[in-house]
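Work through these exercises with the sequence and the model side by side. Try each task before you read its solution.

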Amino acid sequence: GGIYNMDTEKMGLRKALALHYTMAVANWDLKLQYSRYSMNPKNAVDENGVVNKDIVSMAAYGAEYDVATKADTYIAHLSYNIPINKGILDVIKIYNDFSMMHKRINGFKDSYQNISGVMLTMGPTYTYIDYALGKNQAWFSNAWTESFAQGDPEKKWNARFNINIGYYF
């Protein structure tokens, strides 16, 4: 596909490929994913007017952040469902989700995320209670701009405790 450079108004090239695997045995669920992407922005220029083919600026939540133009991602999910079906509680799911972004650019530090938790299903209401860890991961640190690009070699693991309640109708 194309990747549009808003500064130069020119179109570059982006490529991606992904492999997925899912397996469910009894109450166990396993999901694996590998992906590889590369972006070649056309005439990429940073804020100092220097051509930089190693990063692309993106935005989320009203804030810009940089992303490495070449990376592999590895994702693994393992969960166990405990059917309850008593009272208001239907299912308890215990899960762990791990992901790694291996940046294929010399000097860039990899990004990691691990989330362990439990999901409670009560009819159309889902409650997630989890503990999330991240290293060079933008949502777990104050290094929003560079986490998914060059990263920080001195970065430690950051954590957060999360409770999310959703009602699906």
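**Exercise 1. The nonpolar patch**

Task: find which strand gives the most to the nonpolar patch.

Solution. This is a predicted model. Strand β2, residues 10-25, gives the most to the nonpolar patch, with three residues. Now list the members. Tyr21, Met23, Val25 and Leu32 make the patch, which covers about 350 Å². Leu32 is found in strand β3, residues 28-40. Leu32 has a relative accessible area of 37%.

**Exercise 2. A hairpin**

Task: state how β6 and β7 run and how many bridges join them.

Solution. Start with the direction. Strand β6 (residues 70-86) and strand β7 (residues 89-103) run antiparallel. Then count the bridges: 14 join them. Look at the end of the pair. Lys86 stands opposite Leu89 in β7. Now the turn. The two strands form a hairpin with two residues between them. Gly87 sits in that turn, with a positive phi of about 60 degrees.

**Exercise 3. The next strand over**

Task: find the bridge partner of Asn96 in β8.

Solution. First, see how the strands pair. β7 and β8 pair in the antiparallel sense, over eleven bridges. Then follow Asn96 across to β8. Its bridge partner there is Ser116.

**Exercise 4. A serine in the loop**

Task: locate Ser147, class it as buried or exposed, and name what it touches.

Solution. Ser147 lies in the loop between β9 and β10. Its relative accessible area is 0%. That value is under 20%, so Ser147 is buried. Now list the contacts, leaving out residues up to four places away in sequence. Ser147 touches Lys103, Ser111, Asn136, Gln137, Ala138 and Ser141. One of these, Asn136, is the residue with the positive phi from the previous exercise.

**Exercise 5. Aromatic rings**

Task: decide whether Tyr112 and Trp157 are stacked, edge-to-face or tilted.

Solution. The structure holds nine aromatic pairs. In one of them, the ring centres of Tyr112 and Trp157 are 5.8 Å apart. Their planes stand at 40 degrees. Stacked needs under 30 degrees and edge-to-face over 60, so this pair is tilted.

Tyr112 is in strand β8, residues 111-122. Trp157 is in the loop between β9 (125-135) and β10 (158-167). The two are 45 residues apart, and the pair links distant parts of the chain.

Tyr112 is partly exposed, at 23% relative accessible area. Trp157 is partly exposed too, at 44%.

Last, look for a cluster. Tyr65, Trp139 and Phe148 form one aromatic cluster.

Conventions:
Residues are numbered from 1 along each chain as its sequence is written. This is a predicted model: local features need pLDDT of at least 70, side-chain atom pairs count only at pLDDT 80 or more; totals for chains, interfaces and linings use all residues. Side-chain values use heavy atoms; hydrogens and water are left out. Rings of Phe, Tyr and Trp (its six-membered ring) pair if their centres lie within 6.5 Å; planes under 30 degrees apart count as stacked, over 60 as edge-to-face and the rest as tilted. Helices (H or I, at least four residues) and strands (E, at least two) are DSSP runs, numbered from the N terminus. Buried means under 20% relative accessible area, exposed over 50%, partly exposed in between (1.4 Å probe, protein chains only). Patches are made of residues with over 30% relative accessible area and no salt bridge: like charges are joined within 9 Å, nonpolar side chains (Val, Leu, Ile, Met, Phe, Trp, Tyr) within 5 Å. Accessible areas come from the Shrake-Rupley method with a 1.4 Å probe; for residues, only the protein chains shown count as cover. A salt bridge is a side-chain nitrogen of Lys or Arg within 4 Å of a carboxyl oxygen of Asp or Glu. Two strands pair if DSSP finds at least two bridges between them. Contact means heavy atoms within 4.5 Å.
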